[in-house]
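Visitor: I have the coordinates loaded and would like to go through them in short questions. Can we start with the strands?

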Amino acid sequence: MRLSLRLGLGVAVLAALSACADGPSSSGGGSGDRATLRLAVPSAVVAPKEEVATHAVGDAEGYLAEEKLKVDVINTDGSVAAVQAVASNSADIAPADAGAVLAAREKGVPVKAIGGLVRNWPWRMAVRPGSEIRSPADLKGKKIGVISLASGSAIYARAYASDAGLDAAKDVDLLPVGVGAQALTALEDGKVDVLALYTQAYTTIENAGTELRYLDNSDAFDGIRSLTYAVTEKTLKAKKDVLTRYLRASYKALLFSAVNPEAAMRDGYQAFPQLLTGKKADDRIADDTRTLEAWIETAVPATGEPENYEDWGAISDVEWDKTVAYTRTAGQITKDVPLPELWDGSLLGGANDFDPAPVIAKAKAAG
């Protein structure tokens, strides 16, 4: 696997946090208690993605209430910041890039992954249709637009260049361009030659009528995990029941969203009215639903139908091995992190303890 190549240039990682304070404000009592959890979303701006498909739907459709949960959302500037929020007890749980969790563990920060979310590799390289860039090797000497230099976008860009046989520290330049119109303008104006974004971000651009051409990812990227729910070891120990209930509500909401993404998007408008940007829901629903669908496709099994989805949140040892290798290649970590330090899947039995039939029926009946 070509991703075994090491890069000479690392990326910003979490500063070591020597100790964690007592757990955040969430209640850790039994299943009959009402608990408040603080969720750190790994993006500064709300968009049609995990905060809609899991949180907004979980709230609007009653899955959080069924689990006697109240969830408060805070936005952070990317996965590294989301993990920092968890580690500093500003949040209880965050869906963060697995690489950010790995980097934190290497620095001695006691965070742990407890459930997967994005399971299908979401990152792609995109160029304008007439670009001279046709293959990964053509990136030599080019400028790659990334969301930020501390984002999973930059990690992917470096690993992609390395996988193509390039020296990511010398052969390509990474420039932060954000997402949406800002990223598109950078590409159209020639500030960058190629974008390194996730599928949902590209859908937003294409909804505005812009055509893009995508470069292929090699097989080396298959099986690498992205967004993963992370907590501190202290929170995991003290609040296992609360976290299990949260994961179960989250996966129910994701199933609902997969069955009826338009209804999920309307739930998103209720939870996050800023998504409307001052417009009426009916004027935005078609484009926003397509954007949400693009994200959902990264989070549900690549094959099968909702009626057959199972093992929500599971991450195999093989997938973790590939994720660790990728993260090392990208320069985000310098050594392997032992799996027991990184991953605790003990909550997933309870998180999967629900009947999907009523969730599917409710989604199909939703307007």
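Predicted model: local features only at pLDDT ≥ 70, side-chain atom pairs only at ≥ 80, totals over all residues.

Visitor: What is the bridge partner of Trp123 in β8?

Guide: Tyr198 is the bridge partner of Trp123. Residues are numbered from 1 along each chain as its sequence is written, and side-chain values use heavy atoms, with hydrogens and water left out.

Visitor: How many bridges join β5 to β8?

Guide: Four, and β5 and β8 (residues 194–198) run antiparallel. Two strands pair if DSSP finds at least two bridges between them.

Visitor: And what is the strand order in the sheet?

Guide: The order is β7-β6-β8-β5-β9, an open sheet of five strands with mixed pairing. β7 (172–176) and β9 (213–215) stand at the edges with a single partner strand each, so one side of each has no neighbour in the sheet. From one strand to the next, the twist averages 35 degrees.

Visitor: Which strands does α5 touch?

Guide: α5 packs on the sheet and touches β5, β6, β7, β8 and β9. Contact means heavy atoms within 4.5 Å. The direction of α5 makes about 75 degrees with that of β5. Axes are lines fitted to C-alpha atoms, for helices over the stretch in contact, and angles run from 0 to 180 degrees between N-to-C directions.

Visitor: Now α6. Which of its residues are buried?

Guide: In α6 (residues 180–188), the buried ones are Gly180, Ala183, Leu184, Ala186 and Leu187. They sit on the same side of α6, because they cover an arc of only 160 degrees around the axis. That arc is taken over the directions from the helix axis to the C-beta atoms. Buried means under 20% relative accessible area, exposed over 50%, and partly exposed in between, with a 1.4 Å probe and protein chains only.

Visitor: What covers them, and what is on the face turned away?

Guide: The cover includes β5, β8 and α7 (199–207). Ala181 and Gln182 are exposed on the face turned away from the buried side. α6 is followed by Gly190, which has a positive phi, near 80 degrees.

Visitor: Which residues other than glycine have a positive phi?

Guide: Lys68 is one of them, with phi near 55 degrees. Lys68 lies in the loop between α2 and β2 (69–75) and is partly exposed at 38% relative accessible area. Asn89 has a positive phi of about 70 degrees. Asn89 is in the loop between α3 (79–87) and β3 (94–97), and is buried at 10%.

Visitor: Switching to helix packing. At what angle do α1 and α11 pack?

Guide: About 85 degrees, with the axes of α1 and α11 (residues 281–299) 8 Å apart. The two helices are therefore roughly perpendicular to each other; the cut-offs are under 35 degrees for roughly parallel, over 145 for roughly antiparallel, 65 to 115 for roughly perpendicular, and oblique for the rest. Glu50, Val52 and Ala53 in α1 meet Leu292, Trp295 and Ile296 in α11.

Visitor: How many salt bridges does the count come to?

Guide: 17 salt bridges, where a salt bridge is a side-chain nitrogen of Lys or Arg within 4 Å of a carboxyl oxygen of Asp or Glu. Among them, Lys362 and Glu61 meet at 3.7 Å, N to O. Lys362 is in helix α15 (residues 356–365) and Glu61 in the loop between α1 (50–60) and α2 (63–66), 301 residues apart. Lys362 is partly exposed at 34%, and Glu61 is buried at 13%.

Visitor: What does Lys252 pair with?

Guide: Glu66, with the closest N and O atoms 3.2 Å apart. Lys252 lies in helix α9 (residues 240–259) and Glu66 in α2, so the pair ties together parts 186 residues apart in sequence. Lys252 is buried at 11%, while Glu66 is partly exposed at 48%.

Visitor: Which residues form a network of salt bridges?

Guide: Lys49, Glu50 and Glu51 are linked in one.
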